[in-house]
Amino acid sequence: MKGTEERSHDSLADTGVDATSVEERLRAQRLETPSWGYGDTGTRFAVFPQKGVPRDPLEKFSDAAQVHKLTGVCPSVAIHIPWDKVDDYGELRGHAESLGLRIGAVNPNLFQEPEYKLGSVCNPDPGVRRKATDQLLECVDIAGKTGSEVLSLWFADGTNYAGQGSFVERRHRMVECLQEVYAAMPEDTRMLLEYKPYEPAFYHTDLADWGAALTVAQRLGERAEVLVDLGHHAKEVNIEYVVALLLDEGRLGGFHFNNRKYADDDLIVGSVNPFELFLIYVELVEAEERSGTRIDYMIDQTHNIEPKMEAMLLSVMNLQEAYAKALLVDRAALAEARRSGDVLGAHRLLLDAYATDVRPLCAKVREDLGGAADPIAAFKESGYAEKVAEERGEGAGAGWG
Ligand code: RM4
Ligand code: MN
Ligand code: MN
């Protein structure tokens, strides 16, 4: 039986790429996991409680530490406020750091309170806009206390019926509120604007697509960038093209990885359309080679019926594989095929990379990082799930709100 190292190099033998540099880049990959992916979440129909889910934000970090330990590439955790509200953010930060983690993007909820029925920063009532702006400013403050450098904003703002609101007035209100927040951000903090075309509003959304998010970001300044969530597009949108375009404008700041079959399903990334994920990474790899590209790669998933920790591990493995395959594309040959008009030659270079079995390579990279060749098997063997099920019990999960 061959060792991981040997199998890893076998799989690259025919690709003509430099295995060492591919491994180096894979070791440098960073993926942020979401605190809410560890808690009990659900649909509007039901939330199914699972045994051993974290009861508070600190326990979510303990679970995230397991994911980092087994994969070696997940040292940060995104938080949602108020789901992860604590009295002492210094304590939360200390707990994270004691586990070898740091706090990633701070995500404010501006969609749960009754006042936000007609919107938050776009609300026609100036009093409600003030409240929303103050909540955003509180998150800037939390980012400072927790050592986070990213304020990640998704707005549920929108309308349900034609005529309900003025698109333009609502947009102006959003820009005005965000200008105040942007001005309050320390120099090293970035603001990410996440778009979504529907839900919970069903007629229009105030940041519906990449164009809406990009133009608001441009109004604010260089440290405002667009976040692409893979579940937030109309059907058949060519997401890799959107990614390339935002990269070219220097305004792709973040990713929310997940996968969907129909709507904003928040399923495990790569579970529905792994080829699309690969094509997105093909664009990202190219951009990474340009200087100044700083993208926060985050997972945004809710695990409703699947075991949450294993779901997170599988997501990370799928992202490692997609990245690895994209790194295997023979770029020089691709450029030549494009130049000479070799349509299928160019296409097949992508297919060749996609068809390569990169699992041994990714297993080796994880082992190099102190993680596990097979993180899910290692997790099962570790007994962690049984231990926390015993300690934490069932049904007290910290999830939605
Ligand atoms: C939204 C969006 C946000 C996420 C919330 C909970 O659809 O994806 O990123 O934080 O859901
Ligand atoms: Mn998202
Ligand atoms: Mn979403």
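Student: Is Glu199 buried, partly exposed or exposed, and what is its relative accessible area?
Tutor: This is a predicted model. In this model Glu199 is partly exposed, with a relative accessible area of 35%.

Student: Where is Glu199 found?
Tutor: Glu199 is in the loop between β6 and β7.

Student: What about its phi?
Tutor: Phi of Glu199 is positive, about 70 degrees, although Glu199 is not a glycine. Most residues other than glycine have a negative phi, and most peptide bonds are trans.

Student: Which bond joins Glu199 and Pro200?
Tutor: A cis peptide bond, with omega about 5 degrees. Pro200 is also found in the loop between β6 (190–194) and β7 (204–205).

Student: Where is Glu236, and what is its phi?
Tutor: Glu236 lies in the loop between β8 (224–229) and α8 (239–248). Its phi is near 70 degrees, a positive value in a residue other than glycine.

Student: Is Glu236 buried or exposed?
Tutor: Glu236 is exposed, and its relative accessible area is 75%.

Student: Back to cis bonds. What joins Ile81 and Pro82?
Tutor: A cis peptide bond, with omega about 20 degrees. Pro82 sits in the loop between β2 and α4.

Student: OK, β2 then. How many of its residues are buried?
Tutor: Six of six, so to say: strand β2 (residues 76–81) is mostly covered.

Student: Which residues are on each side?
Tutor: Ser76, Ala78 and His80 are on one side. Val77, Ile79 and Ile81 are on the other. Both faces are covered. In a regular strand the side chains alternate between the two faces of the sheet.

Student: How many bridges join β1 to β2?
Tutor: Two, and β1 (residues 33–34) runs parallel to β2. Thr33 has Val77 in β2 as its bridge partner.

Student: And how many join β2 to β3?
Tutor: Five bridges join β2 to β3 (residues 102–108), and these strands run parallel. Ser76 stands opposite Arg102 in β3.

Student: How does the chain cross from β2 to β3?
Tutor: Through helix α4 (residues 89–98), in a right-handed β-α-β crossover.

Student: What do β1, α3 and β2 make?
Tutor: A right-handed β-α-β unit, with α3 covering residues 57–71.

Student: How far does α3 reach?
Tutor: From its first C-alpha to its last, α3 reaches 21 Å. That is close to the 21 Å expected for its 15 residues at 1.5 Å a residue.

Student: How many residues of α3 are buried?
Tutor: Twelve of its 15, and the helix is mostly covered. Among the buried ones are Phe61, Val67 and Leu70, along with Glu59, Lys60 and Asp63.

Student: What happens at the start of α3?
Tutor: A side-chain oxygen of Asp56 comes to within 3.1 Å of the backbone nitrogen of Leu58.

Student: And just after α3?
Tutor: Gly72 takes a positive phi there, about 75 degrees.

Student: New topic. What volume does the largest pocket have?
Tutor: About 1,300 Å³.

Student: Which residues lie nearest its centre?
Tutor: Trp154, Lys196, Glu199, Pro200 and Asp264. The lining of the largest pocket has 46 residues.
Tutor: β4, with three residues. Both β3 and β4 (150–154) supply at least two residues each.

Note on methods. Residues numbered from 1 in each chain as written. Chains lettered and ligands numbered in written order. Predicted model: local features only at pLDDT ≥ 70, side-chain atom pairs only at ≥ 80, totals over all residues. Heavy atoms only, no water. Buried < 20%, exposed > 50% of the residue type's maximum accessible area, 1.4 Å probe, protein only. Helix = DSSP H or I, 4+ residues; strand = E, 2+ residues; numbered from the N terminus. Pairing = 2+ DSSP bridges. Right-handed = clockwise from strand over helix to strand, strands pointing away. Expected span 1.5 Å × (residues − 1). Polar contact = N/O pair within 3.5 Å; in protein donor to acceptor, adjacent residues only side chain to side chain. 1 Å grid on protein atoms, 1.4 Å probe; cavity = no way out; pocket = protein on both sides within 12 Å on 5 of 7 lines; lining within 4 Å. Points joined across faces, edges and corners; volume = space filled by probe spheres on them.
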